[in-house]
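Me: I have a structure open and would like to go through it piece by piece. Can you help me read it?

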Amino acid sequence: MATRTVNGREYTKADFENRLRYLNDSKELATLLNELKEPLIYSDFRGKQLSFFADTNNVQRRCKTFRLRKKHGGYREITAPKGALRGVLQALNIVLQTYDEPTPWAFGFVCGRSVVDNARPHVGKRYILNLDLKDFFPTITRQQVADCLTAEPFGFSSLAAKLISGLATVRTKNNEEVLAQGFATSPTLSNFICREMDKEIASIAAAQGITFTRYADDLTFSADTDVLRPQGELVQQVKAIVERYGFRLNEAKTHLQRRGKRQEVTGLMVTEKVNVSRRYVREIRSLLYIWERYGYEDACRAAWKSYRQQHGKTKGHQHCVPLNAVLRGKLNYMKMVRGADDPLYQRFASRYTALQQTNKREIKEVAYKAYMGKYLSNPSKDRSRESTIFPDDSSTCRQRGTISGDFYDPREKSRRIFSLIVKIIIFAAIILIFMYFKSRR
């Protein structure tokens, strides 16, 4: 049975089962979610508030939509909850996760499972077929969610299913209510919807001696016999099953990989063992070398170029990324895939640790400059002003007790804030004096 620890207490399905099975009022759901909300959320959720958020017509008050550029072109639309709805969904997701009993074939959005576990069953196979479900979250409708929650093993009351399905979905431009890519509850609910589909696909795969796993919208099949042709019988059977559950296969992403060439499953190499790609290793080695050879700031700029090429976006990274954090994340991922005892990982980790220890001050300076706006969209102009805006010998200024004329200098910032406060006080005093003399007339 799945357990979740919240505010020092462990919760299981039994803690919520009766309350959701016999829920008759939105106030009861609000009381349940208030027990699970984050400590930083001071105001309690209210029944009327949940009913309002469960109405997907209230688009402007519920969420905001923006686009992110995809790695290989195009855009992905993200719908993020606003204000109190964010906290509601986080608390609601805790409840839903206690009901999560994932199938043996599902590895995405499952606690304790990762891309490594998804790739491991396919290691060393002669043929690997990758299929992709098109528009995964937006394909799952509110009605599907409500029907799933009222059926066993959930057995929610009709009101509970109506409220939860409304809270967890958004209304599109086509007037459809679907799961949102950006809501905390969408991954958990998608696994609920796909349970029976996973069982059917696994059944036909096992009958032909084929290994099957699913990571979110990525379906992977592997076998040692030539039965995984893109236009073969298996693909046609899988296509019929996913369409019966409302999904569609993305034909453009159907890919067959044969032994002797690079075989990849959810971004990991599976030719002989689960491993990161050579490109991934080269990138870590390159960034470590640039940091050692040219210093931390130049390495941050190099990391920014790599980040732009890899992610296709640079929002929030103004020609400089925090390389120490980037490398830490990459090394942790490499550790997860190759293991903590891997010699290559240990060499990279020791070099990273040594650089961290010897460059503490420079890391803080670069972080300060990035925060204060030095790394703007036109770095050539910034470089020409570097000697005046950010002098190398900052200790000299401190010894002389002078204040630079830089707009981003924190002392100048404090002075501007103080000046603004004084102006506001003077303006308020003038208004009060004017109102006083006007009242005496």
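**Helix by helix**

Reply: The cover over the buried residues of α12 includes β5 (127-132), α11 (195-207) and β9 (218-223). Cover here goes by contact, meaning heavy atoms within 4.5 Å. Helices (H or I, at least four residues) and strands (E, at least two) are DSSP runs, numbered from the N terminus. This is a predicted model, where local features need pLDDT of at least 70, side-chain atom pairs count only at pLDDT 80 or more, and totals for chains, interfaces and linings use all residues. Residues are numbered from 1 along each chain as its sequence is written, and side-chain values use heavy atoms, with hydrogens and water left out.

Me: Which residues of α12 are buried?

Reply: Leu234, Val235, Val238, Ile241 and Val242 are the buried ones in α12. Buried means under 20% relative accessible area, exposed means over 50%, and partly exposed is in between (1.4 Å probe, protein chains only).

Me: Why do they line one face of the helix?

Reply: Seen down the axis of α12, the buried residues fall within an arc of 125°, so they line one face. The arc is that of the directions from the helix axis to the C-beta atoms. An α-helix has 3.6 residues a turn, so residues three or four places apart point the same way.

Me: And which exposed residues are on the face turned away?

Reply: Glu233 and Arg244 are the exposed residues there.

Me: How far does α12 reach from its first C-alpha to its last?

Reply: Helix α12 (residues 233-244) has twelve residues and reaches 17 Å, close to the 16 Å expected at 1.5 Å a residue. The expected span is 1.5 Å times one less than the number of residues. Just after α12, Gly246 takes a positive phi of about 95°.

Me: Switching to α10. How many of its residues are buried?

Reply: Eight of the eight residues of helix α10 (residues 186-193) are buried, so α10 is largely enclosed by the rest of the structure. Among them are Pro187, Leu189, Phe192 and Ile193. The cover includes α5 (83-97), α8 (142-150) and β8 (211-215).

Me: What about Phe212, buried or exposed?

Reply: Phe212 is buried, with a relative accessible area of 5%. Phe212 sits in strand β8. Leaving aside neighbours within four places in sequence, its contacts include Trp105, Asp198, Ile201 and Leu219. Phe212 and Trp105 are 107 residues apart along the chain, yet their C-alpha atoms are separated by 6.7 Å.

Me: Which residues other than glycine have a positive phi?

Reply: Phe109 is one of them, with phi near 60°. Phe109 is in the loop between α5 and α6 (115-119), and at 35% relative accessibility it counts as partly exposed. Ala216 also has a positive phi, of about 60°. Ala216 lies in the loop between β8 and β9 and counts as buried at 9% relative accessibility.

Me: Where is Pro153?

Reply: Pro153 is in the loop between α8 and α9 (158-167). The peptide bond from Glu152 to Pro153 is cis, with omega near 10°.

Me: Last one. How many helices and strands does the protein chain have?

Reply: The protein chain has 21 helices and twelve strands. Buried residues make up 43% of its 441 residues. Among contacts with a separation of 6 or more, 65% are between residues 24 or more positions apart.
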